[in-house]
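Biologist: Please take me through this model and give me a close look at one part of it.

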Amino acid sequence: MTGKTHSAAGLLIGAVVSRHFQLDLFESVTCIVLSGVASIFPDICHTQSKIGRHFRLLSLLVKHMFGHRTLTHSILFIFIFYFLLHMLQTPLYYMIGVICGMISHVILDMLTPRGVKLFFPLPIRVRFPIHFKTGGIVDLSLASTFSIMTMFVLFESTMKSILQHLLS
Ligand SMILES: [Zn+2]
């Protein structure tokens with residue numbers, strides 16, 4: 001999937017987590033940004049990706065050591081991140097935002113023909129029985145759907161209170 005679809009999914013997760021934990025404005029923004037970054041982070045193995053262009057050296061290193069869509073798209077990598085965040089005593093809501101952001105990336109890539117090496121270092125390629133071309137119509141529609149859902153999650157309560165105010 002394109003970076004746009006991945007980040008749209010991450011932002012949606014951040015918005016849902018913020019709302020669920022009723023975070024204040026600062027925490028909400030932080031949570032949404034963290035989830036957004038986490039949702040594109042696995043593509044650090046791809047030097048031409050959004051995140052890869054930002055961290056070129058790290059990206060080259062990961063690409064040469066492991067290849068594309070291997071370690072960074074695996075359950076092992078998500079566990080490593082979980083332990084790191086746990087050791088840093090990251091608040092639960094940020095932790096959920098980051099981990100779910102990363103999981104969403106892997107799931108979305110499993111919807112592409114190339115799939116992911118989910119059980120790295122085992123060389124098994126995993127993908128869903130149905131898959132879609134990166135940059136295709138499904139990919140683009142997913143990005144738009146996630147964005148609309150994010151808006152809805154973020155503004156639903158605001159809209160509700162405005163409506164209640166108008167109707168009362
Ligand atoms: Zn990827």
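Biologist: What radius of gyration would a compact globule with 168 residues have, and what does the protein have? After that, look closely at the contact of α5 with α6.

Modeller: This is a predicted model, in which local features need pLDDT of at least 70 and side-chain atom pairs count only at pLDDT 80 or more, while totals for chains, interfaces and linings use all residues. Residues are numbered from 1 along each chain as its sequence is written.

A compact globule with 168 residues would have a radius of gyration near 15 Å, and the protein has 17 Å, which agrees. That radius is taken over C-alpha atoms, and the globule rule is 2.2 Å times the number of residues to the power 0.38. Along the principal axes, the C-alpha atoms fill a box of roughly 60 × 40 × 30 Å. The protein has seven helices and zero strands; helices (H or I, at least four residues) and strands (E, at least two) are DSSP runs, numbered from the N terminus. Of the 168 residues, 36% count as buried, meaning that 20 or more other C-beta atoms lie within 10 Å of the residue's own; 12 or fewer make it exposed, and anything in between partly exposed, with C-beta atoms placed from the backbone.

Now the part you asked for. Helix α5 covers residues 75–87 and helix α6 residues 92–109. The two pack at an angle of about 170 degrees, with axes 10 Å apart. Axes are lines fitted to C-alpha atoms, for helices over the stretch in contact, and angles run from 0 to 180 degrees between N-to-C directions. α5 and α6 are therefore roughly antiparallel to each other, a label for angles over 145 degrees; under 35 is roughly parallel, 65 to 115 roughly perpendicular and the rest oblique.

From α5, the residues I78, F81, Y82 and L85 meet M95, V98, I99, M102 and I103 of α6. Being in contact requires C-beta atoms, placed from the backbone, within 7 Å. By class, this contact has nine nonpolar, no polar and no charged residues. Nonpolar covers Ala, Val, Leu, Ile, Met, Phe, Trp, Tyr, Cys and Pro; Asp, Glu, Lys and Arg are charged, and the others, Gly among them, polar.

Two loops flank this pair. In the loop between α4 (56–66) and α5 sits R69, whose phi is positive, near 55 degrees, in a residue other than glycine. R69 counts as buried, with 23 C-beta neighbours inside 10 Å. The loop between α6 and α7 (137–167) holds P121, joined to F120 by a cis peptide bond with omega about 10 degrees.

Note on methods
Contact = placed C-beta atoms within 7 Å.
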